[in-house]
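Me: I am new to this structure. Please walk me through how to read it, one feature at a time.

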Amino acid sequence: MDWVIWLEWVLKGLILCLLLLTGFAYLTLYERRALARIQIRVGPNRAGPQGLLQPIADAVKLIFKEELTPAKVYKPIFLLAPVLTVVPSLIIAAVIPLGTSFMLFGREINLYVADLNVGVLYLASIASIAVYGIVLAGWSSNNKYAMLGGIRSSAQMISYELSLGLCFVIAILLGNSMNLNEIVDAQRGMWFAVIQPAGALVFMIVTLAEVNRAPFDMPEAEQELTAGYHAEYSGMKFALFFMAEYQKMIVICMIAVTLFFGGYREFWFLKDTFFSVDAVWKIGSWQSQAWFLGPIYLLLKVVVLLFFMIWIRATWPRIRYDRLMAFGWKVLLPLSLLLAFITATGILLAQELNNQLFFWSIPVLSIISTLVAVAFIYRDLRRKSHGRF
Amino acid sequence: MNSDLIVFLVLSLVAIATALGMVFSRNAVYSALYLVLNLVTVAVFYLLLGAPFIAMSQITVYAGAIMVLFLFVIMLLGAESLVPSKALPWQKPLAIALALVLVVEAVYLIISRAQPGLAITAPDASVNTMENLRAMAMELFNAYLLPFEITSILLLVAMVGAIVLTKQEKVGKGS
């Protein structure tokens, strides 16, 4: 039976990669169409019905584009950087549970690639090495603009990783586990986004910075840095950076869903109904556990979160760099520290005093602290509206 | 030969090769990258010993945070292509002597400890559970609370020192 397990792993990994690649292709279309709608345009709608074949046309174009390798680049690193950017964005998805399990050929197939006991730490470590691709791309291009982009991204990602880690801590505390499956199971009764709404909000903001999306897309700010870290890349190598960015968007939304929005589970108030992933569906003599609802729910939630990311890109201007760093260090870090503290204290008090009232003080206090943080920003911006943050 | 041993041997080779590569690279960025590979290899060693928590922490802290800062500084200062300055005359003999002492010590320890009962074995599977994490935290914050806090104060002092050293004088900025 040993080789069957290997086969299962390989197949699962392959399917996950293919899913992410398809997701990347259609996310570009989704983004362009949604952006167009927000800006009262139509967007790409010529290739195929509703533009559905547009990603294929783009892929063909990118493959046949000329690839330039500038003469003065550090060649091995220059070639390695796109790969180092794509690989973390793919392997980070391995620990995310996509659903419960189903039976196939008498074997129980679990809908995740790896069931890691330190799943959340795995996410943190892969997220932290994801920065190498961008930094090395910037450096190896031997171009001032590209290097500035790379350096910006490394400073930005390290600064925001602290808050990201603290948001992970919130989810770990609430789920009482570092295993993502157990965290999802712990959200059967209530999503963590309801218990800790401010934590979920901070997580969403921080992930925008981690994947270098607007309004935090400093590494590629085009009016200051031409195209930032990928200024010297062309053809398929550029497409790999593009691919990595969009896959990171998908994956980071999957992580947000898993940690705060119930993962592959239904809304908490539907937990014992027909729509639950634990329900058993009976149609005539056919009877099955509703495992297939898991991936569907996950997909729907991810699509909604992705829309928020696109929406933010369409409506918000880019933040100035010093303000971005000040926001990360002076606002998000203390706030997320406070949120982790509130969460831990609330859980501990509720356990020790056996009083659920303390548990519900977590959302109240965290919303209050977020409002205080917003008030501080507002006051600071009013006091010196054109100076430093 | 069991598979763990093969993995261990291959990993050891990688670890040694990357360590040598780090030392002998002419370019500081390549050195830093070799060091990253080395740290990741060590993390895989921890995994092999059944300690995923430490392995993941190793990658997050060393490969993910500290080495990125190293790269950051190397790139920002443009130090990757510095011409190596003349080495101090006493540096080479001293380095060789110290390295020899280290090798002798290591060999002595390995020989003296290489008895069946004393060999380091992988910890049992209970390391992998949340309970173990809790036990580790309990140990850290009860038995080793003072060293832990002192470490944090040390880091704080280093941080304050860095800020004081780099803070610009505000005099004459009023113009």
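Me: What ground rules apply?

Reply: This is a predicted model: local features need pLDDT of at least 70, side-chain atom pairs count only at pLDDT 80 or more, and totals for chains, interfaces and linings use all residues. Residues are numbered from 1 along each chain as its sequence is written, while chains are lettered from A and ligands numbered from 1 in the order in which they are written.

Me: At roughly what angle do helix 1 and helix 12 of chain A cross?

Reply: Two packed helices are described by the angle between their axes and the distance between the axes. Axes are lines fitted to C-alpha atoms, for helices over the stretch in contact, and angles run from 0 to 180 degrees between N-to-C directions. Here helix 1 (residues 2-38) and helix 12 (residues 293-315) of chain A cross at roughly 50°, with axes that come within 10 Å. The two are therefore oblique to each other. Under 35 degrees counts as roughly parallel, over 145 as roughly antiparallel, 65 to 115 as roughly perpendicular and the rest as oblique.

Me: Which residues make that contact?

Reply: Two residues are in contact if their C-beta atoms, placed from the backbone, lie within 7 Å. Helix 1 of chain A brings residues including A:Leu27, A:Tyr30 and A:Glu31; helix 12 of chain A brings residues including A:Phe307 and A:Trp311. By class, the contact has 10 nonpolar, no polar and 1 charged. Ala, Val, Leu, Ile, Met, Phe, Trp, Tyr, Cys and Pro count as nonpolar, Asp, Glu, Lys and Arg as charged, and the others, Gly among them, as polar.

Me: How is helix 2 of chain A oriented to helix 1 of chain A?

Reply: Their axes come within 9 Å and cross at roughly 110°. Helix 1 and helix 2 of chain A are therefore roughly perpendicular. A:Tyr26 is one of the helix 1 residues in this contact, and A:Asp58 one of those from helix 2. The contact holds 5 nonpolar, 2 polar and 1 charged.

Me: And helix 13 with helix 15 of chain A?

Reply: Helix 13 (residues 321-353) and helix 15 (residues 361-383) of chain A cross at roughly 165°, their axes within 9 Å. That makes them roughly antiparallel. Among the residues that meet are A:Leu335 of helix 13 and A:Ser369 of helix 15. The classes are 9 nonpolar, 6 polar and no charged.

Me: How many bridges join strand 3 to strand 4 of chain A?

Reply: Two strands pair if DSSP finds at least two bridges between them. Strand 3 (residues 280-283) and strand 4 (residues 286-289) of chain A run antiparallel, joined by 4 bridges. A:Ile283 stands opposite A:Trp286. The hairpin has 2 residues between the strands, and A:Gly284 takes a positive phi near 65°.
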